[in-house]
Every structure is written in C-alpha cells, then in structure tokens.
Amino acid sequence: YAEAEYCIGHFQEVGYATGVVIKEATSFENKLRVYAILIKPLAAQKKLQDAIHIGFNVLTRLGVQCTSSPPEKSVLMKDIMEIKMILTKTKDAEVLNFREMEDKN
C-alpha cells in the first residue's frame, strides 16, 4: 500500500502507512522493508537529512558500524553538484564504457 501511494505522489499517506507498520511490527526484520519505502518519499521531497538519518539508524541496527554521523545538507549538496558537473561533461559513450563496479567484500 505505502509503495503504491509513493508511486502516485501521496507522500503524507506513505508516512501514515509506514508509521503504523513501524509502530505495530513486532520485530525489526518486519520493519526493515518499510524503512526502505519511507526513505524514498523523503528524498523525493528533498528531506535528505531525514532520509539519511533513517538510513544511518537502520544500518546501525543491522550491525553496520558507521564511523561518522550523517553529513550536513550543505556538504551533500556540494558533493551532488560536483558529481552533476562531472556528469554533464561526460558523453553517453564514455559512461557505457565505464568499468563495472565490483564489491571486494
């Protein structure tokens, strides 16, 4: 339900539906998918700090050691703008020839 509401832009309804599941679920595993659904509309509404904060909390609960707190919005925006500038100068053919990323862990 919450995913469908997200797809049609009913972000307030997503917040309500995910809030109910998070409140009523009996285990973290049952809440995990809901957190992923909740992060998307927050990012779409440019509430990046909220989305990042939830993401860091979920990672911590999963046992991932985050070495720092989430970066400030100004730092994120600077990084995003730098990436955007690089990508605007990159031709499609160059992107298609990039080496595929591999997870060494």
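How exposed is Glu82, in terms of relative accessible area? Glu82 is partly exposed, with a relative accessible area of 40%. Keep that residue in mind as you look through the close-ups below, all taken from a predicted model.

**View 1. Glu82 and Lys78 pair up within helix H5.** These two residues form a salt bridge, and their closest N and O atoms are 2.8 Å apart. Both partners sit in helix H5, 4 residues from each other, which is about one turn of the helix.

**View 2. A salt bridge joins Glu3 to Arg33.** Here the side chains meet with an N to O distance of 2.6 Å. This pair links distant parts of the chain: Glu3 belongs to helix H1 (residues 2-7) and Arg33 to helix H3, 30 residues apart. Glu3 is partly exposed, at 32% relative accessible area, while Arg33 counts as exposed at 51%. The salt bridge count for the model comes to 2.

**View 3. Nine residues make up the largest nonpolar core.** Look for Ile22, Phe28, Val34, Tyr35, Leu38, Leu42, Ala51, Ile54 and Val58. Helix H3 (28-44) and helix H4 (48-61) each supply at least two residues of this core, and the largest share, 5 residues, comes from H3. Now follow Val58: leaving aside its neighbours within four places in sequence, Val58 is in contact with Phe28, Leu32 and Tyr35.

**View 4. A nonpolar patch lies on the surface.** Leu32, Leu59, Leu62 and Val64 form this patch, and together they have about 290 Å² of accessible area. One of them, Leu62, is found in the loop between H4 and helix H5 (73-88). With a relative accessible area of 46%, Leu62 is partly exposed.

**View 5. Lys46 has a positive phi in the loop between H3 and H4.** The phi of Lys46 is about 65°, although this residue is not a glycine. Is Lys46 buried or exposed? Lys46 is exposed, because its relative accessible area of 65% is over the 50% cut-off.

**View 6. Thr90 is buried in a loop.** You can find Thr90 between H5 and helix H6 (92-96). Thr90 counts as buried because its relative accessible area, 18%, is under the cut-off of 20%. What does the side chain of Thr90 reach? It reaches the backbone oxygen of Ile86, at 2.8 Å. Leaving aside neighbours within four places in sequence, Thr90 is also in contact with Val95 and Phe98.

How values were computed:
Residues numbered from 1 in each chain as written. Predicted model: local features only at pLDDT ≥ 70, side-chain atom pairs only at ≥ 80, totals over all residues. Heavy atoms only, no water. Core = buried A, V, L, I, M, F, W, Y, C linked by side-chain atoms within 4.5 Å. Buried < 20%, exposed > 50% of the residue type's maximum accessible area, 1.4 Å probe, protein only. Contact = heavy atoms within 4.5 Å. Patch = residues over 30% accessible without salt bridge, like charges linked within 9 Å, V, L, I, M, F, W, Y side chains within 5 Å. Areas by Shrake-Rupley, 256 points an atom, 1.4 Å probe, with all protein chains shown as cover. Salt bridge = Lys/Arg side-chain N within 4 Å of Asp/Glu carboxyl O. Polar contact = N/O pair within 3.5 Å; in protein donor to acceptor, adjacent residues only side chain to side chain.
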